[in-house]
Amino acid sequence: MVPVITLLTDFGTADGFVAAMKGVIATRARGAVIVDATHDIPPQDVRAGAFALLGYASYFPAGTIHVAVVDPGVGSARRAIAVEAGGRWFVGPDNGLFTGIYDREPGWRAWQLTEDRFFEHPVSATFHGRDVFAPVAAALANGVAPAELGAQIEDPVRLAWAAVRVDPERIRGEVIHVDRFGNLVTNVSRRDAGEEGLPPDVRISVAGRRIGGLMSTFAEATGVEPFALWGSAGLLEIAVAGGSAAMTLAAGRGSEVTIDFPSR
Amino acid sequence: MVPVITLLTDFGTADGFVAAMKGVIATRARGAVIVDATHDIPPQDVRAGAFALLGYASYFPAGTIHVAVVDPGVGSARRAIAVEAGGRWFVGPDNGLFTGIYDREPGWRAWQLTEDRFFEHPVSATFHGRDVFAPVAAALANGVAPAELGAQIEDPVRLAWAAVRVDPERIRGEVIHVDRFGNLVTNVSRRDAGEEGLPPDVRISVAGRRIGGLMSTFAEATGVEPFALWGSAGLLEIAVAGGSAAMTLAAGRGSEVTIDFPSR
Amino acid sequence: MVPVITLLTDFGTADGFVAAMKGVIATRARGAVIVDATHDIPPQDVRAGAFALLGYASYFPAGTIHVAVVDPGVGSARRAIAVEAGGRWFVGPDNGLFTGIYDREPGWRAWQLTEDRFFEHPVSATFHGRDVFAPVAAALANGVAPAELGAQIEDPVRLAWAAVRVDPERIRGEVIHVDRFGNLVTNVSRRDAGEEGLPPDVRISVAGRRIGGLMSTFAEATGVEPFALWGSAGLLEIAVAGGSAAMTLAAGRGSEVTIDFPSR
């Protein structure tokens, strides 16, 4: 099978950085299929990168190599790593970008990238996307075994995700992502809601403001009142019909979400 | 032949939605070539999506599968459809995105997508790009016959395009698109101008303001005065040398354009 | 080998222009791999395009065809050209986009594109990306010899790059690019700095303001003071830890950079 290599960065494309990464891959792994995941992660926003990655990683076929470079610590002592999880590869800086992958795939294994014979030389101090991560992805596409890349590690960096607190009468969570449409994605999952799901008389508040109830689809809602629905990632989202919940509620990442059950 | 699948969305790329669609296609139709058309259609702007699609669809080879997802009605009763027209496929919501295709290819045929064995499960209420349209595109790439996807329909939704009114001494049209450079694309075509084309003494007004005459190229124009020229889609465009006609004229989609022929 | 065709434009993607170019290539050179370099060059900014191209062109494999279209003179008498340099191809308008390539690869050869049997017809006056450059790139991918495309030329247009002035006690250069992170890329190269490199007591000023010294990596720096480092293109860059040097220094393309050596 032709290997697929996806790229996620916070580089934008205007500077040619992404194109240089693609050139390195095209040269070293002729035939590998390069797929742009996104280059529009907000600059240096590791959390946003980790969230986006989690939304697409498992939809790709087994053997896919996901490169992710949001790397404020480039050139520092932060490690470079390759991770095998769920039959797919992840290559990037060890700064928490893969936190969600570790959570989802308990059998993950990780290696520190130290064997510089797989790197592009000279290795710059500022652009490991081109000099370390792209060539290592190409090496994996070419069948290099991970143990050749460096020693296995057990303690990759994990982001501290906000925890959901589930009490009998209340669930407390928070907004973890705002999407392009202004929808507020929370960390409250269907599992948190319990087997019965959210009852009809549920009361939901965001950033201290009471919003409308739970809808099944965007289209069901009318009017300007924000409402909740289960989003495509299985997480509770807050939306406004034809508008932006983020603007309507002046809410964003970190805003508190409370879900009360009067009838329980 | 390896099938080509193009993607047009209003998703941007930062959230990972587009990458999830690519993953579904890469998994289900290994070997299909995925081409990004655009992900920068303004959010929920079906007209802008329809216009962009019309500009590239027919340049792709026969058999190409064009996926287009600008879908404000996702989750509602709006139909999901696949269309065959001019030897190419179109897959997306039935909301008028393919209006220009029906006009251009009178032999089009359309099918409603109801056979959910071709979908990605569970089918979310909010992301049919990933769960319906991408997997159906993959099915078509794999040679599934359209009749397997659902029943044929005769009445897909069409946008009401603005009509051009052609009188002996005057053509009245309107701006239907503003491009990245601020050029105003009108709905007036070379055919509307007649066999002789526009005469040298033609008088053109946009949003009530008289502009300069007809030029052959951008480079021919000098000065700050807006002028007209025949654009790459065969439609009359209004431009400003090295500037933005949209800003200079404070005009945009829907602005009236009148063309008078004093000598006729 | 499957040929690789890269695309650099200032078109953005929302209008469908880039997609039309891809369609032309997909139709005429089935099997060629199309790689998006960037479509986010600032509109009509030939210098920015030339700079970006220089950052990735040589990372691609021999035989790659780099198409670059930033073309304010489209439709004028400006020539259309194909250039062979360093085993790779460059196709675009003759307006200086390839200046850096001529400098880097002294053995370059260039041909004017006049044989319109290789073009897409009708050739529009405003969109040579689709009608001239994309089909010519496809022709090269199909093995057409450059001499078939038109006559060889010896005098392609070159941009006047800002020169670096190296004196015994001072180097004077300027900012030639501001990247997405706000880093100021200067035209001062490691070669300008001499074999010993920059000494520890070097004094660097940007736009008349003294900044901090030379760091090895972004991560080494702390605080809000701008500092210098050697960037991934081998050029001196000015950066601010976790911030934008362009904003901190109110500097941009053309800002003066001076490097003084008190101890020399």
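This is a predicted model: local features need pLDDT of at least 70, side-chain atom pairs count only at pLDDT 80 or more; totals for chains, interfaces and linings use all residues.
Residues are numbered from 1 along each chain as its sequence is written, and chains are lettered from A in the order in which they are written. Local features need pLDDT of at least 70 and side-chain atom pairs count only at pLDDT 80 or more, while totals for chains, interfaces and linings use all residues; side-chain values use heavy atoms, leaving out hydrogens and water.

Let's start with the two copies. The copies use different surfaces: 12% of the contact residues of chain A recur in chain B, where contact means heavy atoms within 4.5 Å.

Now look at the contact itself. Chain A brings 32 residues and chain B 33 residues. About 2,400 Å² is buried between them, with carbon and sulfur atoms giving 58%; this is the accessible area (1.4 Å probe) that two parts lose on being put together, summed over both. In chain A, the residues that lose the most area to chain B are A:Tyr59, A:Arg180 and A:Phe181, together 30% of what that side buries.

The side of chain A that touches chain B divides into 19 nonpolar, 9 polar and 4 charged residues, with Ala, Val, Leu, Ile, Met, Phe, Trp, Tyr, Cys and Pro counted as nonpolar, Asp, Glu, Lys and Arg as charged, and the others, Gly among them, as polar.
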